[in-house]
Amino acid sequence: PALSRPSAFFRAADGQSRVSAWNIADNSAQSTSSSSCNGTNDFTGGTIDAQVDTMTVGKSQKTTGANSAGVLMFNAGTLDVNTLRIGYQAQSGATSAGRGWVNLNGPAALLSVNGTLELGHTSGGAGTTNTFGVLSINGGICQANAILAGAGSGSNVLAINNGTLCLTNSAGSADIPIATVALTNATLQLSVTNGFTNFVADTLI
């Protein structure tokens with residue numbers, strides 16, 4: 001039978017510390033496999049309480065081969081992460097893509113990133129444009145220290161629909177902007193400093 005009030009609690013083995021590493025759709029142990037790596041962590045319908053040091057969503061193979069696609073979604077609870085990497089190129093020159101999606105789907109969903117939230121982490125060489133990350137805030141709240149895009153990465157997207165982004169520093173940079181920022185009834189809470197640019201995007205919708 002279905003649970004009436006399901007919840008998921010994640011800590012390290014001591015029950016208090018952060019989970020050191022949480023990987024979704026990690027295919028980095030492979031080099032030329034024709035088998036894709038797809039992984040979804042869907043906590044919809046329940047409540048999550050997780051504290052994590054480093055989370056990676058969608059990590060490619062080391063060289064060629066099939067792509068990886070990772071998805072994380074929740075609609076209630078708190079995910080507290082020090083470093084979040086959405087889409088990850090496992091090694092320099094890898095043409096296998098690491099693609100990741102993180103979805104906050106409801107007003108009770110809170111994502112807190114204490115360090116860096118990176119869309120499309122790249123390691124260099126050929127294939128960087130194949131890797132990308134998508135963060136969708138649909139009614140939820142994201143608190144982030146900084147949002148970066150990987151150098152030469154692909155179609156990274158930051159989409160906010162009836163949600164809130166609280167940003168301590170910046171999202172994107174003049175050298176490496178976020179590919180697409182899509183705002184619909186969005187609330188942005190930014191740290192205003194004279195001469196400092198909070199958002200840099202190629203395309204604003």
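How many aromatic pairs does the structure hold? It holds four. Rings of Phe, Tyr and Trp (its six-membered ring) pair if their centres lie within 6.5 Å; planes under 30 degrees apart count as stacked, over 60 as edge-to-face, and the rest as tilted.

A word on the source. This is a predicted model, where local features need pLDDT of at least 70, side-chain atom pairs count only at pLDDT 80 or more, and totals for chains, interfaces and linings use all residues. Residues are numbered from 1 along each chain as its sequence is written, and side-chain values use heavy atoms, with hydrogens and water left out.

Start with Phe10 and Trp22. Their ring centres are 4.8 Å apart and their planes stand at 55 degrees, so this pair is tilted. Phe10 lies in strand 1 (residues 7-10) and Trp22 in strand 2 (residues 19-26), so the pair ties together parts twelve residues apart in sequence. Strands here are DSSP runs of E, at least two residues, numbered from the N terminus.

Now Phe10 again, this time with Phe43. The centres are 5.8 Å apart and the planes are at 75 degrees, so the pair is edge-to-face. Phe43 sits in the loop between strand 3 (37-42) and strand 4 (47-59), so this pair ties together parts that are 33 residues apart in sequence. Ring pairs link Phe10, Trp22 and Phe43 into a cluster.

Are these three buried or exposed? Buried means under 20% relative accessible area, exposed over 50%, and partly exposed in between (1.4 Å probe, protein chains only). Phe10 is partly exposed at 26%. Trp22 is buried at 11%, and Phe43 is buried at 17%.

Next, the largest nonpolar core. That term means a set of buried Ala, Val, Leu, Ile, Met, Phe, Trp, Tyr and Cys residues joined through side-chain atoms within 4.5 Å. This core has 36 residues. Among the members that touch the most others are Met55, Leu111 and Leu135. Strand 6 (residues 98-121) gives the largest share, seven residues.

What does Leu135 contact, leaving aside neighbours within four places in sequence? Its contacts (heavy atoms within 4.5 Å) include Ile86, Val102, Leu111, Cys142 and Val157.

Ala25 has phi near 55 degrees, a positive value in a residue other than glycine. Ala25 is in strand 2 and is buried at 9%. Asn185 also has a positive phi, near 50 degrees. Asn185 is in the loop between strand 11 (178-184) and strand 12 (187-190), and is exposed at 60%.

Methods
Helices (H or I, at least four residues) and strands (E, at least two) are DSSP runs, numbered from the N terminus.
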